[in-house]
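Good morning, colleagues. Please look at the structure on the screen while I describe a few of its parts.

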Amino acid sequence: MEVSSETGYFHQYAKKFRRTLTTQEVDQFAALTTDRERFAYVNELKWRVVNELPLEQSSPAKGKCLEKALKHKCEGDRALGDGEWAVALKCYNRAYLLLPEENALEKALLLDNRSQVLLQLTKLDQSLADIDRAIGYGYPPDQLATLWERKARIFQTKKDFKSAVECYDKTIHYLQQYPTGLPPEQLAQKLDDLKKLTDTVYYQYKNVQKYLEPPKGTRPFQPHLDGAVLYDSSETEGRFAKAKAALRPNQLILREKPHAAALLQEYSGTHCSDCFERIEVLYCCPHCVDVVFCSERCERNGCEGYHRYECGFLGTLWASGATIVSLLALRIITQKPCAYFEEIRHELPELSASMTDKLPDDDYRKIFNLVTHSEKRTPEDNLVWTLMATMLNTVLRMANYSAAGEENNFLGYLLLHNLQVVNYNAHDVSEVQRKHANELALSVAVGAALYPLLALFNHSCDPGIVRYFTGTTVHVRTIKNIAAGALIAENYGPLYTRMARSERRQSLATNYKFECGCEACAGDWPTCANMNHAMIRFRCTGPDACHRPVLYDLHSSSQGVRCGACGHVVDVGERIRMLREANMIGRFNEANHLYQVGMYEQALAKYAAIMLIMDEVLVPPYRDYHMCQQGMRRCCLDMGSCYVSYPASEK
């Protein structure tokens with residue numbers, strides 16, 4: 001992948017920069033052997049065309065607009081009055097995004113209305129959060145009793161009677177401090193009713209207190225790496241994952257959070273910038289409209305972390321044509337303070353696998369030694385990538401990322417290094433999208449992320465695993481038998497079932513700088529469309545555990561076929577009987593039905609059982625095995641993040 005598209009201004013900037021270089025300077029750059037040298041060299045020369053780089057931070061609150069926000073709020077109020085909760089929520093979300101930070105009262109009133117909608121949608125925790133924010137923004141004191149009473153009733157519904165009592169007490173306090181304009185008799189009656197209700201809830205609290213479990217906090221994420229997965233290395237393969245013990249189909253072998261992740265521009269308004277979940281209740285940056293968040297936690301992570309250095313620059317980076325590779329390379333830096341990188345600076349040249357394997361995924365040293373293939377790049381390619389690193393480094397300088405606020409060649413070198421690491425090791429983060437329920441789904445990339453453990457899985461055109469995502473979390477399951485000691489391979493793009501070997505190898509050589517020698521390529525396996533379904537590849541049953549393929553033509557009347565490797569005669573008739581008695585077609589149909597009704601785990605188990613039987617009798621490639629793997633892939637994808645554009649239940 002490239003660092004920029006041709007449609008943005010960076011492409012023209014790079015061409016103009018290239019034209020300023022003399023032949024001698026180009027030769028000098030080509031002779032450089034390290035990324036440190038390349039960055040320092042280009043950074044000294046970039047000033048020749050600095051005026052051609054329209055890189056600037058947008059003014060504070062660019063995109064915020066009180067007038068537009070109030071218009072959306074009016075539309076939301078109308079929908080709220082008509083009971084169109086989903087429509088009202090969308091309007092209030094949009095209004096909240098557009099409201100300038102200085103309009104605190106308008107924000108407070110808006111959040112009050114949104115909390116009412118969320119209550120109607122039974123999103124109790126989100127409704128409580130909006131009430132607290134409304135209070136924090138300075139909700140009018142003479143109307144606070146309404147908010148505290150709503151909070152009390154929500155806590156009562158949640159059976160948090162202690163909090164409900166506290167909120168009812170607050171309600172009574174504000175009613176007494178700020179009479180609401182009710183006639184004295186009605187106010188007295190309301191206060192009396194609230195006191196009685198408070199006593200009732202307090203009585204409930206005292207009676208059930210000893211039976212109540214303590215409130216459960218948010219369960220922390222637990223990464224998972226199956227004990228049967230072992231990381232090894234060789235001169236030809238580099239670092240790679242292999243099976244320490246035999247793996248069966250449908251084993252969850254890895255669950256991992258990314259080291260860093262970045263959204264594509266087209267999903268920056270619909271997905272959380274921090275966790276990639278679809279936005280239901282919108283939170284946002286107070287200064288820009290370029291990012292949105294799904295929760296207070298994600299908003300805090302973003303705005304107190306990486307986004308404070310990217311705020312105001314995302315728009316100009318998108319306009320530059322910077323691809324997700326460039327944005328992710330920048331995010332790897334901005335998510336940590338500058339002092340962090342200075343602290344580990346001296347360790348980077350001496351890192352070893354035995355040391356980095358013990359580090360958590362969010363440690364930069366964990367990903368530093370992933371392959372870059374910088375030695376395989378042409379000088380012209382290196383020049384463009386280095387120039388992009390200088391532009392990203394300028395963003396860091398303008399955002400006052402480092403204490404000195406100056407150009408930092410060390411950070412620039414890291415950015416250049418990151419660009420190459422991301423290009424060869426990052427993964428698209430996908431979401432399954434459908435227009436309507438029960439329609440065929442499309443797996444769509446919404447962003448990209450770097451997973452330190454997943455990045456070490458090598459490629460095969462006949463992969464043994466499938467990956468799927470919930471937000472930014474990646475889950476990896478096996479989709480075939482993997483023998484102890486064998487490579488655990490994923491797929492970098494082209495599958496043997498869909499693309500001929502010559503095309504696959506060309507694609508991999510261009511994009512990943514290697515010639516594929518997987519079993520499918522070595523054996524030049526046919527694509528699914530070109531498979532001869534009349535030719536069966538039975539597994540040899542010889543006493544020496546040969547297990548080599550024994551070819552048998554279904555049109556043949558022979559009951560025995562001799563193995564060309566060991567000479568054993570395979571009883572084909574008995575093998576065919578085994579397949580018939582296993583009722584493969586019936587089981588496959590059952591698995592398909594389970595998938596269609598949304599019972600994905602059960603469908604996975606069925607597909608896996610079929611594959612185990614087939615594996616005893618047959619040797620890939622063959623169509624039925626591929627169909628089961630496709631069934632497993634569908635199930636896994638639907639267990640991850642899914643989105644239906646027009647759900648039947650939506651009003």
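Helix H24 covers residues 600–617, 18 residues in total, and reaches 26 Å from its first C-alpha to its last. That is close to the 26 Å expected at 1.5 Å a residue, where the expected span is 1.5 Å times one less than the number of residues. Helices here are DSSP runs of H or I with at least four residues, strands are runs of E with at least two, and both are numbered from the N terminus.

This is a predicted model, in which local features need pLDDT of at least 70 and side-chain atom pairs count only at pLDDT 80 or more, while totals for chains, interfaces and linings use all residues. Residues are numbered from 1 along each chain as its sequence is written, and side-chain values use heavy atoms, with hydrogens and water left out.

Which residues of H24 are buried? Among them are Ala603, Leu604, Tyr607, Ala608, Met611 and Met614. Buried means under 20% relative accessible area, exposed means over 50%, and partly exposed lies in between, with a 1.4 Å probe and protein chains only. The cover over the buried residues of H24 includes strands E11 (473–478) and E12 (535–539), together with helices H22 (572–581), H23 (584–596) and H25 (623–639).

I turn next to strand E5, residues 260–263. Ala260 and Ala262 point one way from E5, Ala261 and Leu263 point the other way, and all are buried. In a regular strand the side chains alternate between the two faces of the sheet. E5 pairs with strand E9 (residues 442–450) in the antiparallel sense over four bridges; two strands pair if DSSP finds at least two bridges between them. Leu263 has Gly447 of E9 as its bridge partner.

The loop between E9 and strand E10 (465–470) holds Ser460. Is Ser460 buried or exposed? Ser460 is buried, because its relative accessible area is 9%. Setting aside residues up to four places away in sequence, Ser460 touches Ala489, Glu490, Asn491 and Cys518, a contact being heavy atoms within 4.5 Å.

Glu310 belongs to helix H12, residues 307–310. Its relative accessibility is 3%, so Glu310 counts as buried. Beyond its neighbours within four places in sequence, Glu310 is in contact with Leu330, Arg331 and Thr334.

Finally, the whole chain. Its secondary structure comes to 25 helices and 16 strands, and 50% of its 651 residues count as buried. The C-alpha trace spans about 105 × 75 × 40 Å along its principal axes.
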